[in-house]
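The sequence and the model are shown first.

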Amino acid sequence: YKRQVEATPENIKSGDYKLARPFNVAYKADVDEKAKDLITFIMSDEGQKICEEEGYVGEKAGKAYEPIDSDAHITIAGSTSVTPLMEKLAEAYKVKNPNAKIDIQSNGSSAGMTAAMEGTAELGMASRELKDEEKKELEFTVIARDGIAVIVNKDNAGWAQWLMPIIPALWDAETGGLLEARSSSPAWPTW
């Protein structure tokens, strides 16, 4: 089996490689400017370098971060997938803004979006595209992308020939994961 599109950062950014999901940070339009400053840091070249060092696809744009000596207390809630990256980003932000306090709650993407909409968290994390109802209430920034590579042992080439063509059809862009099993799923091959 030959890959259709290679899993490279460039192909993930362009959308040509389909097995990828966005890491979103969402917030109300009127969120405190000090909370938005954390996003400014994340989107700076320094923040994006951390994203890349942690194995994600970042988007460096030639932006330097200028600390504001923030004393904000920011609550961030959401995706268990985004949490480890956010912990690294928050740690680096607090080096630049030592008076800032950041609490991170790892409770799932939907819970994070709800917390941001209800105001119980300034920022919500989602490892998926936002749902239409979330987009109506929240602004959001893609802080990184997570590309998923499928690796098959060369001794199992038969599986690769069967599996690789159907994976994009099983990938749910909304949730950033595999679709729920359906009764119409193809039968498992036998060799």
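## Overall picture

In the protein chain, 74% of the contacts with a separation of 6 or more are between residues 24 or more positions apart. The model is a predicted one, and its protein chain has eight helices and seven strands. Of the 191 residues in the protein chain, 40% are buried.

## Helix α4

With 14 residues at 1.5 Å a residue, α4 should span 20 Å, and this agrees with its end C-alpha atoms, which are 20 Å apart. The buried residues of α4 are Thr83, Leu85, Met86, Leu89, Ala90, Ala92 and Tyr93. As background to such a pattern, residues three or four places apart point the same way, because an α-helix has 3.6 residues a turn.

Helix α2, residues 33-43, packs on helix α4, residues 83-96, at an angle of about 105°, and the two axes are 10 Å apart. Since angles of 65 to 115 degrees count as roughly perpendicular, α2 and α4 are therefore roughly perpendicular to each other. On the α2 side the contact is made by Lys34, Asp37, Leu38, Phe41 and Ile42, and on the α4 side by Met86, Leu89, Ala92, Tyr93 and Lys96. Sorted by class, this contact of α2 with α4 has seven nonpolar and three charged residues, but no polar ones.

Helix α3, residues 45-53, also meets α4: the axes of these two helices come within 10 Å and cross at roughly 145°, and the crossing of α3 and α4 is right-handed. From α3 the contact draws on Glu46, Gly47, Ile50 and Cys51, while α4 contributes Leu85, Lys88, Leu89, Ala92 and Lys96. By class, the contact of α3 with α4 has five nonpolar, one polar and three charged residues. Leu89, Ala92 and Lys96 of α4 are named in the contact with α2 and are named again in the contact with α3; of these residues, Leu89 and Ala92 are listed as buried.

## Packing of α2 with α3

The axes of α2 and α3 come within 4 Å and cross at roughly 65°, and α2 and α3 are therefore roughly perpendicular to each other. Here Phe41, Ile42 and Met43 in α2 meet Asp45, Glu46, Gly47, Gln48 and Ile50 in α3. The classes in the contact of α2 with α3 are four nonpolar, two polar and two charged residues. Phe41 and Ile42 of α2 take part in this contact and also in the contact with α4.

Phenylalanine 23 lies in strand β1 and is buried, with a relative accessible area of 0%. Although phenylalanine 23 and alanine 126 are 103 residues apart in sequence, their C-alpha atoms are 5.9 Å apart in space. Not counting residues up to four places away in sequence, phenylalanine 23 touches Tyr56, Ser81, Val82, Leu85, Ala126, Ser127, Thr141, Val142, Ile143, Ala144 and Asp146. One of these, Leu85, is among the residues with which α4 meets α3.

Tyrosine 27 is likewise placed in strand β1, which covers residues 20-27, and its 9% relative accessibility means that tyrosine 27 counts as buried. Tyrosine 27 and leucine 123 are 96 residues apart in sequence but 5.1 Å apart in space, C-alpha to C-alpha. Leaving aside neighbours within four places in sequence, tyrosine 27 is in contact with Lys36, Ile39, Glu122, Leu123, Leu138, Glu139, Phe140 and Thr141.

## Aspartate 146 in strand β5

Aspartate 146 is found in strand β5, residues 139-147. With a relative accessibility of 12%, under the 20% limit, aspartate 146 counts as buried. Beyond residues up to four places away in sequence, aspartate 146 touches Leu19, Ala20, Arg21, Phe23 and Tyr56. Tyr56 is also among the residues that phenylalanine 23 touches.

## The loop between α3 and β2

Aspartate 69 lies in the loop between α3 and β2, the latter being residues 73-78. Phi of aspartate 69 is near 55°, which is a positive value in a residue other than glycine.

Serine 70 has its place in the loop between α3 and β2 and is buried, with a relative accessible area of 1%. Apart from its neighbours within four places in sequence, serine 70 is in contact with Lys34, Tyr93, Asn97, Asn99 and Ala100. Lys34 and Tyr93 also belong to the contact of α2 with α4.

Conventions
Residues numbered from 1 in each chain as written. Predicted model: local features only at pLDDT ≥ 70, side-chain atom pairs only at ≥ 80, totals over all residues. Heavy atoms only, no water. Axes fitted to C-alpha atoms, helices over the stretch in contact; angles between N-to-C directions. Parallel < 35°, antiparallel > 145°, perpendicular 65-115°, else oblique. Contact = heavy atoms within 4.5 Å. Nonpolar A, V, L, I, M, F, W, Y, C, P; charged D, E, K, R; others polar. Left-handed = near helix turned anticlockwise from the far one by under 90°. Expected span 1.5 Å × (residues − 1). Buried < 20%, exposed > 50% of the residue type's maximum accessible area, 1.4 Å probe, protein only.
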